[in-house]
Amino acid sequence: ALTLLLGIRVFIGHGGRRITALGLFSLASALFVGYSGIHHSLRYQAHVAPTYITTSLAGASLTLLLVAALFWRTDSHDPRLERQTASPRDADWALITGGIVLLALALLVAADPSFRVLLVEGAAFASILLIAVGVVYSERTRRLASAPLVAVLLLPIAYTIHFHAGGGRLRVVALMCSVLLLVSARFPSKTFKYLIVTAVPVALLALAFDRLALQEAFSPGSSFGRTGLESMTSPLLLFARVIQNQVEAGANLAWGRTLVTVPLSLLPEWVGMPRPTALGYELVALVDASRINSGYSVAATFFGEWVYNFSLVGLLALVPVLGWSLTRLDHWMLIRLQKIRVNRTFMIRALIAAMVCGAVGDLAWSGIHTYGMRTISRLPVPLVLLALTWVGAQLSQRRSEGRPGPSQLQDSSPGTESGADSSCDGILQAQITGSKNG
């Protein structure tokens, strides 16, 4: 219960009136660790001793407390952001471009549902965020309680219906958190934070019913005795089993191997670099050895990943790494939003920053691999837009350089005063030369 309250307190307090990446990570940890601890304390666990569950709870709570204490900000909001908006032309461009891409993706999925794959989901995710940037930072959107903002907050529901394949519900949560980050930066409000905390139980209930319905669709009767939130409560249990396995079985440490799986996974095969297995696949051996190499994966929280790599001492090393990384992400997004009126490039960069910050729930749940790979799947659309924007800016600059300016036109015009003066100078010079020759 203390971990649950701590996570909520950090979410409400950190950043003052503005939602921050650290606040979102703390709220996610409150659910994956705090709520899960309450859940497992009420149920007997045959495979994990209560001592190890208590140890995992204490370790995660202490880490979160130290991160919050060392990197606390009572109000990191820049007042200029409230007055910062995109130019009307750029805001309309974001809204129209995002809408066109989203409509094309919706038609593609409607024509063939098999296209509802990770990259299409990622493209839809980025398109909705582009629409959100265009609406939230438009000069026409002047207050929080407005119809355009309500429509933007409902867009994740459309994403769930048309693009979400049913698994990986944190993708929907990441989209909603990214939108909320953008909204709270423009319209900071403590009341808005309290409303979000109040809405969390309702959202969890909806996600639980969605998962139970999906299980029933695949196998009637399979949802009996389930809560629909097993994927949220099981990471803490697996975190405890990691500790138990190290203490009782003397399991070898990974020494950072699972922390570099994302960059190594992106290397082409001809490089010949060995690719370590992601944490979620390695931990299957602790859950069900018969499903190893079957594509099945599990989660053990980001805290569990550091214990898996460096034992409980790893939690101490995690404190500065996690605190610095989350505050840097937050600062990065603020800088992009402060320059959003400069051009479309900064608008797209702000979108990417919100995307990366809003997905920290994936990091809290499963660690670096899930967070990194899901974020990468959402980058193609904004990266293509960045490239097209850069090319358009270069072509526009070349056209403006090749076109004579007003001063050049004035100097070269024969009807101007400077043109007449130069003609008289030429005639006078010719007369002088002729008199000298005579």
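## Lining of the largest cavity

By class, 5 nonpolar, 2 polar and 1 charged residues line the largest cavity; here Ala, Val, Leu, Ile, Met, Phe, Trp, Tyr, Cys and Pro count as nonpolar, Asp, Glu, Lys and Arg as charged, and the others, Gly among them, as polar. The lining consists of L170, V173, A174, G358, A359, V360, G361 and D362. Two or more of these residues come from each of α8 (170-186) and α17 (360-366); helices are DSSP runs of H or I with at least four residues, numbered from the N terminus.

The volume of this cavity is about 30 Å³, and the count comes to 1 cavity of 30 Å³ or more. A cavity is a set of points, on a 1 Å grid over the protein atoms alone, where a 1.4 Å probe fits but cannot get out, and lining residues have an atom within 4 Å of a point. Points are joined across faces, edges and corners, and the volume is the space filled by probe spheres set on them.

## Basis of the model

The model is predicted: local features need pLDDT of at least 70, side-chain atom pairs count only at pLDDT 80 or more, and totals for chains, interfaces and linings use all residues. Residues are numbered from 1 along each chain as its sequence is written, and side-chain values use heavy atoms, with hydrogens and water left out.

## Salt bridges

The whole structure holds 6 salt bridges, each a side-chain nitrogen of Lys or Arg within 4 Å of a carboxyl oxygen of Asp or Glu. One of them joins D362, a residue of the cavity lining, to R374 at 2.9 Å, N to O. Because D362 lies in helix α17 and R374 in helix α18 (residues 368-377), the pair ties together parts 12 residues apart in sequence. Both D362 and R374 are buried (under 20% relative accessible area; exposed is over 50%, partly exposed in between; 1.4 Å probe, protein chains only).

D92 and R140 also pair, with their closest N and O atoms 2.5 Å apart. This pair links distant parts of the chain, helix α5 (residues 88-111) and the loop between α6 (118-136) and α7 (147-162), 48 residues apart. D92 is partly exposed at 29% relative accessibility, whereas R140 is exposed at 56%.

## Nonpolar surface patch

L62, L65, L66, L70, V313 and L316 form a nonpolar surface patch with about 580 Å² of accessible area together. Such a patch joins nonpolar side chains (Val, Leu, Ile, Met, Phe, Trp, Tyr) within 5 Å, from residues with over 30% relative accessible area and no salt bridge; areas come from the Shrake-Rupley method with a 1.4 Å probe. Helix α3 (residues 50-70) gives the most to the patch, 4 residues. L62 is placed in helix α3 and counts as partly exposed because its relative accessibility is 47%.

Terms used: Patch = residues over 30% accessible without salt bridge, like charges linked within 9 Å, V, L, I, M, F, W, Y side chains within 5 Å. 1 Å grid on protein atoms, 1.4 Å probe; cavity = no way out; pocket = protein on both sides within 12 Å on 5 of 7 lines; lining within 4 Å.
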